[in-house]
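User: I'm new to reading protein structures. Could you take me through this one, feature by feature?

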Amino acid sequence: MQSTQQHALPFTCPHSTQLHKSAGDTQFNQQLQAQVSKMHRSFLLLLVCALAAASLSADTAIAQSQRSWAELSGRDNWDGLLDPLDADLRRAVIRYGELAQATSDAFIADPASPYAGASRYAPGAFLRRAQAGPDPGAYYRVTRFLYATSGARLPDGLLTRPAPPGAWSAESNWMGYVAVATDAGAAGLGRRDIVVAWRGTKRAVEWADDLDITLVPAAGVVGPGPGWSQPAVHRGFLSVYTSRNSTSRFNKQSAREQALAEIRRLLDEYKGENCSITLTGHSLGAALSTLAAIDIVGNGLNVRGANDTVPVAAIVFGSPRVGDDQFKKAFESTPGARLLRVRNAPDVVPTVLPAAFYKDVGAELLLDTRKSPYLKRPGPGPAAWHNLECYLHGVAGTQGAGGGAGFRLEVERDLALVNKEVDALADEYPVPAAWWVEGNKGMVKDASGRWVLQDHEEGNLAM
């Protein structure tokens, strides 16, 4: 009880003993109130300053970077920034990862839907609807959707059900988008950034492409050069990137042609401005980003004039190997081709293609999400180790690639995001597994009281 009473006593101001000795209770109380009032005003001033600083920090997180945007985009191949991971680069990698994650979050995967394979959202408010980052839509706007087809032929066993009546397309799938920095984004980033975000594997035909590991010449995308012969790349990835289908209104142009045409258009629209091109994606999307990066630089599509070459960088997650040793030589010998490959140590996808035939390209940022105290022990398993949200959790907390390096969250990302598509969080966190689903799976009551499927926005099939 004595201890409780002592803790309940009011605080003592620095001069209270002197006040007691020099005056009666009335004078003491007056002086004490004056001291308290002064301290109260000081506290309020400090609080207001702190809140203002926090608000400024939140609003200008990009602008306050200590590193130049050129450094963060790999001007020096990210030398000295990866281990330990630079604070500004950590935030930049997460930002591009969230733009890539939006391609997964917006994708209609349910084969029962006539819109399976399409984006759920229209381009206009896409980033806001997909909740791509803490302030979606403030820094980028989507200018074009990208669609892909493939030359792969599916074995019968991969066709789990026929396309539903009224299917939007039997030949094409939505594969990602092109976005450009808004005026506010350009001011914060320091340049007009053009982003191409590619989606990872979702559809059966894409699994067939992933498994088509034959190496074939990448003629047209990248050719022979000084010090290397004709590069060869994964046939399935190249098919997704370059295939056309004259019977599909979405793929009269290949995904490659769509992306490059939009990049050229935006570079022309902002020809008086400082621009950059950033490619991002996860898994299959990472492989497509790798092809696009060497394609753009090797074919000079980023050159606007004699002294105006737009920097190109790819920031990719969980990427499989894409090409052979000649592809590696071409990538690493072509000035301006820069790629940061984020890899989670237990993820098998980045190493599954044999190193005897396929070679890694670019700089590597190595993570190990098994070190995270927030995830299941001994580990959530292969699906979570490859999952992009788990990757971003790893980027937020990695303390280095060494065996003795620990894990501490340096960027405050909501832990619930880890369970968006998988069951990876430790059981002490009450977050359902795979919780990112459309309300009632898109079923709504119509005017007659019947339940009907309404799983997409108007305009979701925009080009």
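Analyst: Let's begin with handedness: a crossing is left-handed if the near helix is turned anticlockwise from the far one by less than a right angle, and right-handed if clockwise. Helices (H or I, at least four residues) and strands (E, at least two) are DSSP runs, numbered from the N terminus. By that rule, H11 and H12 cross in a left-handed way. A word on the source: this is a predicted model, where local features need pLDDT of at least 70 and side-chain atom pairs count only at pLDDT 80 or more, while totals for chains, interfaces and linings use all residues. Residues are numbered from 1 along each chain as its sequence is written, and side-chain values use heavy atoms, with hydrogens and water left out.

User: At what angle do H11 and H12 pack?

Analyst: Axes are lines fitted to C-alpha atoms, for helices over the stretch in contact, and angles run from 0 to 180 degrees between N-to-C directions. Here H11 (residues 284-298) meets H12 (residues 325-333) at about 55°, and their axes are 10 Å apart. Angles under 35 degrees count as roughly parallel, over 145 as roughly antiparallel, 65 to 115 as roughly perpendicular and the rest as oblique. H11 and H12 are therefore oblique to each other.

User: Is H11 mostly buried or exposed?

Analyst: Buried means under 20% relative accessible area, exposed over 50%, partly exposed in between (1.4 Å probe, protein chains only). In H11, 14 of the 15 residues are buried, so the rest of the structure largely encloses this helix. Ser283 has a positive phi of about 60° although it is not a glycine, and it is buried at 11% relative accessible area. Just after H11, Gly300 has a positive phi too, of about 70°.

User: Which residue caps the N-terminal end of H5?

Analyst: For this we need polar contacts: a pair of N or O atoms within 3.5 Å, where, within protein, one must be able to donate a hydrogen and the other to accept it, and residues adjacent in sequence count only if both atoms are side-chain atoms. Asp86 does the capping, with a side-chain oxygen 3.0 Å from the backbone nitrogen of Asp88. In the loop between helix H4 (69-72) and H5 you'll also find Pro84, and the peptide bond from Asp83 to Pro84 is cis, with omega near 5°.

User: And how many disulfides are there?

Analyst: A disulfide is a pair of cysteine sulfur atoms within 2.5 Å. A search of the whole structure turns up 0. Two of the cysteines you can look at are Cys275, buried at 2% relative accessibility, and Cys390, buried with a relative accessible area of 1%.
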